[in-house]
Amino acid sequence: MARELRPRKARPSYSTALAPGSDDEAPVDDGSSSDDFRPPDNQGENEDDAEGEDDVDDASSQGNAPLDDGDDDVLVVQDAFSKGKFKAKPSKSSLRRPPALSAVLSRSGNRQQHALTMPASDHRHRTTPLYFRAARVERLVQPPNPFGQSKTCSTNNWAFNKAVSDRFSKACGHSVGRGPVWDFMEDRSWWRESQVVADGFTETEATRRPKVHGNVKVDEGLKIIDGQEAEIYLPSDSTSPSMKCFFGLPGKQIQKDLKTFDSFRMSEHTLGSEAHVFNAGGPVWGLDWCPIYVEDHPHRSYTQYIAIAPLPSKSHAPGIGVKCSAPSPACIQIWSFGPSPSSQDDVSNTSRSEKGKERATKHGEDFGETKCEMVLCIDCGPALEIKWCPLPSHDSWSYASSNNTRKLGLLAGSFEDGSLSIFVVPDPEDLRTKTMESPVYVSISPTICIELEETSIWTLDWANSESLAVGCTNGSIAVYNLKEALMHEKSMRDILPTHYISVHQSAVRSLQWVRQPRASADGVLKTAEDPCMIASGGYDGCEILTDLREGCGNIVNRTRDVVLAMSFAPYAVGIITIDLENVVKTFTLSPSILARGHLLLEAGGPIWSLHSSDYHPHLAIGSADGSVLTTNLLKSTRRSASMPFLYYKIFHLDYNRKTGEYRMLEQFLPQGLKKKTHVQEVPDRSTSGKKKSKKDDNVPTIPNTGAWSPEVSVTRVAWNNGGGLARAPLLASATASGLCRIDWLAGQFLKAKVPYGGIEYIRGEVLVEGGEMEEEDED
């Protein structure tokens with residue numbers, strides 16, 4: 001016997017419940033049903049009774065209670081992303097809950113949604129310090145001069161308290177320009193060797209970065225050789241003995257033939273440019289500034305030194321984990337960047353235009369000169385990466401040594417023979433005379449040479465003057481303590497690591513220490529101990545944070561690309577790394593938003609190098625498309641029309657494959673961060689409800705291409721982290737063509753308006769009398 005279906009009661013339709021209108025005219029269902037299932041009669045009666053009770057409860061709770069006669073407020077339902085705001089707050093009696101729908105369509109009343117939405121490209125996490133300090137720091141009181149003495153004053157550090165930290169981070173977000181704002185710069189580095197300063201006293205450059213390794217001497221076995229003997233160590237390319245490159249503005253470019261060790265100032269071709277260009281002779285894979293003690297700067301006229309490590313030729317391609325046979329001749333070049341002699345200044349001024357003369361005379365600016373001082377001839381193969389000891393390790397420059405050769409510093413590097421070698425670099429002032437035009441060639445052997453039988457060392461980074469970490473081609477990370485090894489007079493080779501941890505599934509390509517002090521269980525900082533966190537990226541696409549106390553790594557991000565570059569940013573308090581589609585991202589280490597990150601910019605090609613400064617919040621990026629980019633890490637938390645997210649292209653290198661000629665362009669306009677359309681993001685409320693103007697649609701865009709020549713790749717970028725506050729805006733970069741460049745980059749505020757009335761109010765030197773920063777509505 002077929003079952004009879006129970007009759008369905010008339011109910012309002014779902015569309016009527018959700019649509020605005022009168023409840024009296026709502027259409028109802030006709031009671032028809034196509035179901036073939038008929039439940040038992042007793043079950044239907046029970047369900048009808050239950051449903052009847054629910055209907056009574058819903059009716060009594062949904063508005064059958066009488067309303068106040070004088071209540072005329074109306075609850076308006078608006079779109080979630082509309083810009084309209086409620087003018088009046090409705091009373092509780094006027095808020096009606098909509099009718100209950102079904103189990104699938106029911107809406108919770110006040111349930112909180114815990115699902116995290118992906119932040120849009122307009123969103124930024126505000127930087128918060130990991131710990132607060134009471135010691136005071138130094139800041140500049142006048143615009144810096146790279147070849148002169150800088151005046152400083154004592155001020156509160158950025159982590160003095162939360163108010164100063166918030167004001168400083170917010171004000172830095174309004175900084176625009178290619179480089180830092182000079183009066184906002186501050187040394188935020190931390191070193192175990194730094195002298196402890198009592199609360200309320202000032203940390204100076206001398207106390208924060210003291211001189212180390214005073215007992216280490218230069219190897220007496222070094223030998224000065226002539227240019228003919230040094231030819232096998234120098235980069236060579238028989239097809240192109242000199243490099244032809246065009247410099248200057250478009251339409252006014254001049255071709256120059258650059259031989260190895262040639263250098264010139266860009267001001268000769270581009271008015272107002274403060275850059276220097278020099279030719280290392282081969283593809284450069286290593287570059288780093290030499291740290292100099294602050295009290296020794298005047299004895300060398302504030303001259304800076306930089307190490308350059310080129311490959312033997314443009315066709316040379318290092319293999320991952322492939323050790324070269326010994327001996328394998330290669331070289332490391334030591335270049336100087338210092339003030340130019342007065343005679344050269346007079347000659348350069350005659351070649352400039354009258355406007356250029358007036359500018360140089362008015363400001364008293366010296367563009368300086370770049371010169372190759374010394375070439376270290378080594379037999380351990382070309383360097384894959386080189387880094388100076390991060391603290392000053394040179395001998396005193398206040399006197400001239402007559403018997404022993406003074407040292408310039410300790411230089412560590414990973415080489416193609418698979419070793420980690422540390423050289424005690426001699427001071428070029430003690431080996432060459434002032435009349436020498438060519439560099440001095442020195443045959444030198446490493447003081448410390450570390451080799452691993454089962455793998456090769458690919459990358460390295462110093463934690464301080466004694467601890468050093470290396471990344472291996474088998475995916476392991478090794479940490480070495482070099483204190484005892486540097487005290488021996490003879491070369492050391494049998495050194496065991498303090499830690500040896502397998503982290504990656506393939507070769508480690510980039511590695512950085514997180515230079516922040518560890519803390520005890522009760523929150524006391526252990527400033528006398530080494531850092532314990534290492535960030536690394538490998539060919540497996542993983543970006544991993546490793547805690548040496550745990551002995552294992554934690555994956556922060558995974559990408560479908562090789563992590564070629566990584567940097568720790570003290571100003572961003574996090575790790576700067578790369579992601580898919582040439583994206584630069586930052587991941588913060590603050591406990592409140594641990595591992596949260598945001599996008600900084602999207603480069604035009606694969607990223608070879610990243611570098612952040614200890615003195616300012618600007619990041620430098622070297623790309624495979626021949627561009628060097630800079631951007632501000634402390635951008636505003638929300639993009640608006642008055643505060644866009646900008647990044648700057650410092651220069652761009654092109655190559656003509658038919659003629660073999662290069663072209664270097666500069667003085668580009670700033671570019672804005674593009675919005676992603678293929679990623680689900682939080683909509684931008686600032687533009688919702690607004691019509692796009694035809695002017696926005698007609699903005700020309702330059703299409704990106706992947707057909708770059710390998711010669712134009714910018715392989716290394718490095719800020720000057722060892723020259724003090726006055727030389728922090730110096731940025732060095734190197735390319736696969738052999739061309740290297742040094743830029744002086746300065747920043748400014750938007751519309752020349754300093755937030756909060758000046759740095760004195762931001763730092764808390766002067767009490768703020770209701771002087772909050774004027775902001776526009778960014779929503």
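Strand β13 (residues 383-388) is mostly covered, with 6 of its 6 residues buried. Buried here means under 20% relative accessible area, exposed means over 50%, and partly exposed lies in between (1.4 Å probe, protein chains only). Strands are DSSP runs of E with at least two residues, helices are runs of H or I with at least four, and both are numbered from the N terminus. Strand β13 runs antiparallel to β14 (residues 407-415), and 5 bridges join them. Two strands count as paired if DSSP finds at least two bridges between them. Across this pairing, Trp388 stands opposite Leu411 of β14. The model is predicted: local features need pLDDT of at least 70, side-chain atom pairs count only at pLDDT 80 or more, and totals for chains, interfaces and linings use all residues. Residues are numbered from 1 along each chain as its sequence is written, and side-chain values use heavy atoms, with hydrogens and water left out.

An open sheet is built from 4 strands in the order β28-β29-β30-β31, with antiparallel pairing. Its edge strands are β28 (566-569) and β31 (597-602), each of which pairs on one side only. Neighbouring strands of the sheet are turned by 25° against each other on average, direction ignored. Axes are lines fitted to C-alpha atoms, for helices over the stretch in contact, and angles run from 0 to 180 degrees between N-to-C directions. Strand β28 pairs with β29 (residues 574-579) in the antiparallel sense over 4 bridges. Within this pair, Ala569 stands opposite Gly574 of β29. In a regular strand the side chains alternate between the two faces of the sheet.

Side chains of opposite charge can pair when their charged atoms come close. The structure holds 26 salt bridges, defined as a side-chain nitrogen of Lys or Arg within 4 Å of a carboxyl oxygen of Asp or Glu. In one of them, the side chains of Arg208 and Asp187 meet at 3.7 Å, N to O. Arg208 lies in helix α4 (residues 205-208) and Asp187 in the loop between β3 (175-177) and α4, so the pair ties together parts that are 21 residues apart in sequence. Both Arg208 and Asp187 are buried.

A salt bridge also joins the side chains of Asp296 and Lys211 (2.9 Å, N to O). This pair links distant parts of the chain, 85 residues apart: Asp296 is in the loop between β9 (284-289) and β10 (304-310), and Lys211 is in the loop between α4 and β4 (223-225). Asp296 counts as buried because its relative accessibility is 4%. Lys211 is partly exposed, with a relative accessible area of 33%.

Arg518 forms a salt bridge with Glu529, the closest N and O atoms being 3.5 Å apart. Arg518 belongs to strand β23 (residues 518-519), whereas Glu529 sits 11 residues apart from it in the loop between β24 (525-526) and β25 (533-538). Glu529 is partly exposed at 33% relative accessibility. Elsewhere, salt bridges that share partners join Asp187, Glu203, Glu205, Arg208, Arg209 and Asp614 into one network.

Thr630 is found in strand β34 (residues 627-632). At 0% relative accessibility, Thr630 counts as buried. The side chain of Thr630 reaches the backbone oxygen of Arg178 at 3.0 Å. Contact means heavy atoms within 4.5 Å. Leaving aside neighbours within four places in sequence, Thr630 is in contact with Arg178, Leu619, Ala620, Tyr647, Tyr648, Ile650, Trp719, Leu731 and Leu745.

How values were computed
Polar contact = N/O pair within 3.5 Å; in protein donor to acceptor, adjacent residues only side chain to side chain.
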